[in-house]
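Good morning. Please have a look at the sequence and the model on the screen, and I will then go through a few places in the chain.

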Amino acid sequence: MVKFLTLLAFCCFQLAYPQQPLYKQAEIPIEKRIKDLLKRMTVEEKILQLNQYKLGANTNINNIGAASNEIPAGIGSLIYFGGDPEFRNQIQKKAVEESRLGIPILFGYDIIHGCRTLYPIPLAQACSWNLDLVKTNSSMSAKETVLSGVDWVFSPMIDVSRDPRWGRVAEGYGEDPYVNAVFGVATIQGYQGTSLSDPYSVAACLKHYVGYGMSEGGRDYRYSNISKQSLWETYLPSFEAGINAGAATVMSSFNDISGIPATSNYYTLTEILKKRWKHDGFVVSDWNAIEQLINQGVAQDKKEAGMKAFLAGVEMDMIDNIYLEHFKELLAEKKISIQSIDEAVTRILRVKFRLGLFENPYTTIIEKEKRYLQPESIKNAAKLAEESIVLLKNENNILPISPLLKKIALVGPMAKDKQNLMGSWSGYAKSADVETIFSGMEKEFSNKAQLNYAKGCDFDGDDESGFEEAIKVANQSDIIVVCLGERRVWSGENASRSTLSLPIIQEKLVEELKKTGKPIVLILSNGRPIELERLEKFSDAILEIWQPGVAGGTPVAGIVSGRINPSAKLAITFPLVTGQIPTYYNMRPSAREAKLGAYQDKPTEPLYWFGHGLSYTTYKYSEATLSSPRIKPSEKLTVQVKVTNTGDVSGKESVLWYISDPVSSISRPLKELKFFEKKEIPAGNEVVYTFEIDPNRDLAYYDEEGHKILEPGIFYVHVDDQKIKFELLK
Ligand code: GLC
């Protein structure tokens, strides 16, 4: 009787207060909500969730075949080129209030190094060795991104690249697997915060999975010849770290991996990513990458391409519309199963639920003045720019410019340029927001020195008519600061270059300026290492400022004046000449001593190695000490070094710790970076840096099957110019 009455009461309550379906009840565990929603969905609704269309004008000129599709209310995702939250909300309203089940759309966009407040390109960020600063900037970027109506960023790009002819080297964190891993993780932490459902969190996307940085000859979209052992040792670690850090999604890449395209590669997309690493988010293809399987010779038509990508492990189809067009047939032909579709939809819904999109599908609209370019954001961007500027050369300490020098010639095409300081992938940023080098210098040297400006020449072409004016202002000055570099479109996607040299017109300008006999400070803004064989000889000092974003002018000027002590070190090697490519610090050992097998016509040593960077102060490293000369695999080894600032200005020193393993079953790189720390050291002070070696993390290596191998024997730990021996016991 009691049961009956209880049931009766419940039914009455239900009639009076009809409950939301389970999947709409926020307090229900996500996995239960997914199951409830899935069983309500039709096949058509499920297939729609596996698709991503574009919304707004496609600003990426390299993206082909992007038809402006009519936006179906049940679409899974949109690439949002707009950045206008009101328009996003209008489209979202269609999905949430007009579609049958009200599944919110996931809005994604390429926010790579800032949304509207652009900070330095990722390659520059890595040279800062400051993970906290990168995390802070990523967090600031996530807030601006959410306020722009975007929930999901196609970032971080963590492709190890050792061929700077490839334009996308600008977008990653350089040549080292560990650096790409830790900076990728810092970026994810900034984007995703402590929870994806936090109001200003966005979902991250690890890209491009995997091996894209090995695109043959540095030419984009090409074949990548990668052995399985190299795949595990060099290209997968940054992605494994990103997955372990909770990255919500992954993007499959354009390249193939020794003949099997990354977008139809079951081994990487399912065996590794899902079975081994247990990734429970989803994979989106890169733009048109599914259809491109036809070009890559593994599919005869779109239908087969869609089937291969899906069966390999790509859950969402970016822009191709192939899943939408062919999945019903493939289901009918039993070439794909409804179970695999349910699994794919589950993964996509999981990210949407975790983001809280079902509870908060709309962007909170705040006034435009409060959305972007807030003082704190600009300050963070300037700080990261300051810490990513590398002092490559400083002959006779020509920098910082002596206060006795009262006339400074500021010349070159980059001096007053805004557009190109932004670099590639500039999100919703506007060049009008960019502070120029000239503007920074004007503020820095007002009442201290007179600036004499001349453009001198353009970035390319053969018009030398501006040289005369540049030489004139140089002759009127005590020192020349010449600002050169790359147009932003010379790096980034589909921006491969056959040489790392700057266009000859720029080199000629410096050659002519050199004839004035004045000291020359070369400032470079570029998205890749530059060939400096000739420019280096003309320059007394070289400052690599990369592409600093909106707030580079002041930090650059601060370093030139000495107000700021540069602290950056290279995260990518600068070859002396293009012909040395590939050249990187962690190469495998040669069969003979280095001078044998070297080039006959040019030096074999690069101009500046990974880790190179000068300071206005000097540091003295003590002899490193080991906690023990030998350890067991279960033990840790502590290595310490004391660093003293022996100069007269405070500085931030990054100590890089490497390991080498001279004898191993698989030949190991000459040395491998395993840890680093950046600390401020006031003039005259000493700071202790400690590296705790964990054998399984730092001494083991991957074999071709991805098994971690730890072998006893002699190892070395390298710090500064020291190489300290220790033994790993059985
Ligand atoms: C591009 C890029 C990828 C980007 C995507 C969406 O072609 O390869 O990095 O995220 O398309 O714009």
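This is a predicted model: local features need pLDDT of at least 70, side-chain atom pairs count only at pLDDT 80 or more; totals for chains, interfaces and linings use all residues.

**A walk through the chain**

Let me start with Y223, which is found in strand β6 (residues 223–224). Residues are numbered from 1 along each chain as its sequence is written, and side-chain values use heavy atoms, with hydrogens and water left out.

A word on the labels: helices (H or I, at least four residues) and strands (E, at least two) are DSSP runs, numbered from the N terminus. The chain has 22 helices and 28 strands.

Back to Y223. Is Y223 buried, partly exposed or exposed? Y223 is partly exposed, with a relative accessible area of 33%. Here buried means under 20% relative accessible area, exposed means over 50%, and partly exposed is in between, with a 1.4 Å probe and protein chains only. Which residues does Y223 touch, leaving aside its neighbours within four places in sequence? Y223 is in contact with M214, S215, E216, D256, S258 and G259, where contact means heavy atoms within 4.5 Å.

One of those partners, S258, has a positive phi of about 50 degrees although it is not a glycine. S258 sits in the loop between β8 (256–257) and β9 (260–261). S258 is partly exposed, at a relative accessible area of 33%. N321 also has a positive phi, of about 70 degrees, and is not a glycine. The place of N321 is the loop between β11 (317–318) and α13 (322–332). N321 is buried, with a relative accessible area of 14%.

Next, the cis peptide bonds. One joins S155 and P156, with omega about 15 degrees. P156 is in the loop between β4 (152–153) and α7 (177–192). The peptide bond from K207 to H208 is cis as well, with omega near 0 degrees, and H208 is in strand β5 (residues 205–209).

Now a sheet. In what order do the strands of the open sheet of five strands run? The order is β4-β3-β2-β1-β11, with parallel pairing. β4 and β11 stand at the edges, each with a single partner strand, so one side of each has no neighbour in the sheet. Two strands pair if DSSP finds at least two bridges between them. Within this sheet, β2 (residues 77–80) and β3 (residues 106–109) pair in the parallel sense over three bridges. The bridge partner of L78 in β3 is F107.

Further along is strand β17 (residues 541–544), which is covered on both faces: A541 and L543 on one side, and I542 and E544 on the other, are all buried. Strand β12 (residues 390–394) runs antiparallel to β17 and is joined to it by four bridges. Strand β16 (residues 520–525) pairs with β17 in the parallel sense, also over four bridges. Take L543 in β17: L391 stands opposite it, and I523 stands opposite it too.

That brings me to helix α21 (residues 553–561). Eight of its nine residues are buried, so α21 is largely enclosed by the rest of the structure. The buried residues are G553, P555, V556, A557, G558, I559, V560 and S561. What do they pack against? They pack against α16 (375–388), α17 (437–444), β16 and β17. Just after α21, G562 takes a positive phi of about 95 degrees. As for where we began, Y223 and G553 are 330 residues apart in sequence and 39 Å apart in space, C-alpha to C-alpha.

Last, the chain as a whole. With 730 residues, a compact globule would have a radius of gyration near 27 Å, and the chain has 27 Å, which agrees. That radius is taken over C-alpha atoms, and the globule rule is 2.2 Å times the number of residues to the power 0.38. The C-alpha atoms fill a box of roughly 100 × 65 × 55 Å, taken along the principal axes. Buried residues make up 59% of the 730 residues. Among contacts between residues at least 6 apart in sequence, 77% join residues at least 24 apart.
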